[in-house]
Amino acid sequence: MGSVARLAAMLAVLALRAGDPVGAAARGDTFSALTSVARALAPERRLLGLLRRYLRGEEARLRDLTRFYDKVVSLHEDSETPVSNPLLAFTLIKRLQSDWRNVVHSLEASENIRALKDGYENVEQDLPAFEDLEGAARALMRLQDVYMLNVKGLARGVFQRVTGSAVTDLYNPRRLFSLTADDCFQVGKVAYDMGDYYHAIPWLEESVRLFRGSYGEWNTEDEASLEDALDHLAFAYFQAGNVSCALSLSREFLLYSPDNKRMARNVLKYEKLLAESPTQAVVEAVIQRPNVPHLQTRDTYEGLCQTLGSQPTHYQIPSLHCSYETNSSPYLLLQPVRKEVIHLEPYVVLYHDFVSDLEAQKIRGLAEPWLQRSVVASGEKQLPVEYRISKSAWLKDTADPMLVTLDHRIAALTGLDVQPPYAEYLQVVNYGIGGHYEPHFDHATLSSVEAGGATAFIYANFSVPVVKNAALFWWNLHRSGEGDSDTLHAACPVLVGDKWVANKWIHEYGQEFRRPCSSSPGD
């Protein structure tokens, strides 16, 4: 049983609601929905409170240590203070036998850090898992690929597409937020661990550059160091076939860690390889981007995402018009819907302001506690996959009277029966970091975001930008019942913003008298 129509009402609200959303994300799934990422702010606020209390305790302890230090220093600096004074002699002996031991082995320091560690352990179960770090890193690589973003720019906090000598600003954040050397290292290491040296090398190069600039300094929160970044980058270049770069980086590593026997062996190995094949010293290896075997339309898909939905020829086609739509329904006579014809074959229509801000917020609020990682069919199983990054929930119309009203509006506009079993319940989706859904035939999306997130129709070669509170409609079956291959579509990765969509699938079955079939394959 296929669906003959699809309608996606854009229900995205950029600003998060006050307070923390209900429910908790499964560990390892935080990255797959922006609402789950927003939830991670709550445990971090708790950690900030713990750290503030720790700092205050440590500040008080350090003030007391400073008092002790100043007292003893003043005694040493006073030349009029001979140890012949029995009182001073006593206090000297006491300090060396007792006071200094108490200072060095003070329980206050251990109690302060113990309180911080205990608090962290209580919060730890609510924190993102390592799988979330991997997912977030892969999301940055996805955005890097689809929008041709420059890694150096990303590290500085800017979103720029660089093609040859041309630089295009895709998004200008109100506040620049740059990545640290350790941040870049973690992204590069995720790619490195997957054997993906195409992505690992530029991120590790940026990490090395930043570590070099701050060498000798140390941030408590950092996991990696310049030596770590050089080590990984050298081997990544070797695996990619650039032995000369691998040798240069390995030699630099030994300047900082000359006793590392493994790296010394690597240097000898690289020197031998270059001696046996001198041409490798001048030939720069071309690193190929990893192939995506399930996605044969990648170039078209990414090209449509990069256009950000621009349709430069629309004004030249009279059939692509705007109008007020009632569909001859009494329900819409007093409040017709603003209709924009986007494309003719396949027939794709955008209905502006199809839902109100209040309705969008209501639908989001109803769905939020029930969101779970979106899955796709794999044989008899439903599995999460890398090419679909989002969370979704299904809403029955019994959840709220407003959903009944929305169903009436959809039925009036389409002329179809939208009640089960002739249609699915409303599916609400929230996209994650770099959230996307690669080309497929069974999904419709739109939402309000700051950059990215367009809906791309691959074979029809056009894309539709994100429009808040609008609805996108198309038929994915011909009247003959045959599938329309031109409706192959994809949700482009969200570059910046929080993308929420709601999908309504209407089945072929039960619509025989509302949309009669045809014997012509093209109808």
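Reader: Thanks! How many disulfides are there?
Author: The count comes to one disulfide. Keep in mind that this is a predicted model.

Reader: Which cysteines does the disulfide join?
Author: Cys-305 and Cys-492, with an S to S distance of 2.0 Å. A disulfide is a covalent bond between the sulfur atoms of two cysteines.

Reader: Is the link of Cys-305 and Cys-492 left-handed or right-handed?
Author: Left-handed, with -90 degrees about the S-S bond.

Reader: And where do Cys-305 and Cys-492 lie?
Author: Cys-305 is in helix H12, which covers residues 298–306, while Cys-492 is in the loop between strand S17 (489–491) and strand S18 (494–496). The pair therefore ties together parts that are 187 residues apart in sequence.

Reader: Are Cys-305 and Cys-492 buried or exposed?
Author: Both Cys-305 and Cys-492 are buried.

Reader: What about Cys-322, buried or exposed?
Author: Cys-322 is exposed, because its relative accessible area is 61% and the cut-off for exposed is over 50%. Cys-245 counts as partly exposed, at 29% relative accessibility.

Reader: Okay, new topic: charges. How many salt bridges are there?
Author: Searching the whole structure gives 21 salt bridges. In general, side chains of opposite charge can pair when their charged atoms come close.

Reader: Can you show me one? Which residue pairs with Arg-46?
Author: Arg-46 forms a salt bridge with Asp-126, and their closest N and O atoms are 3.2 Å apart. This pair links distant parts of the chain, 80 residues apart. Arg-46 sits in helix H2 (residues 41–77), and Asp-126 sits in the loop between helix H4 (107–123) and helix H5 (130–146).

Reader: How accessible are those two?
Author: Arg-46 is partly exposed, at 42% relative accessibility. Asp-126 is partly exposed too, with a relative accessible area of 40%.

Reader: Is Asp-231 buried or exposed?
Author: Asp-231 counts as buried because its relative accessibility is 17%, and buried means under 20%.

Reader: One more pair, please! Which residue does Asp-353 meet in a salt bridge?
Author: Asp-353 meets Arg-338, at 2.4 Å from N to O. Asp-353 is in the loop between strand S6 (348–352) and helix H14 (357–367), whereas Arg-338 is in strand S5 (residues 337–343), and the two are 15 residues apart. Arg-338 is partly exposed, at 38% relative accessibility.

Reader: Which residues do shared partners join into one network?
Author: Arg-114, Asp-118 and Glu-121, through salt bridges that share partners.

Reader: Let's zoom out. How many helices and strands are in the chain?
Author: The chain has 15 helices and 19 strands.

Reader: How much of the chain is buried?
Author: Of the 523 residues in the chain, 46% are buried. The chain exposes about 27600 Å², and carbon and sulfur atoms supply 54% of that.

Reader: And what about contacts along the chain?
Author: Among contacts with a separation of 6 or more, 72% come from residues 24 or more positions apart.

How values were computed. Residues numbered from 1 in each chain as written. Predicted model: local features only at pLDDT ≥ 70, side-chain atom pairs only at ≥ 80, totals over all residues. Heavy atoms only, no water. Salt bridge = Lys/Arg side-chain N within 4 Å of Asp/Glu carboxyl O. Helix = DSSP H or I, 4+ residues; strand = E, 2+ residues; numbered from the N terminus. Buried < 20%, exposed > 50% of the residue type's maximum accessible area, 1.4 Å probe, protein only. Disulfide = S-S within 2.5 Å. Contact = heavy atoms within 4.5 Å. Areas by Shrake-Rupley, 256 points an atom, 1.4 Å probe, with all protein chains shown as cover.
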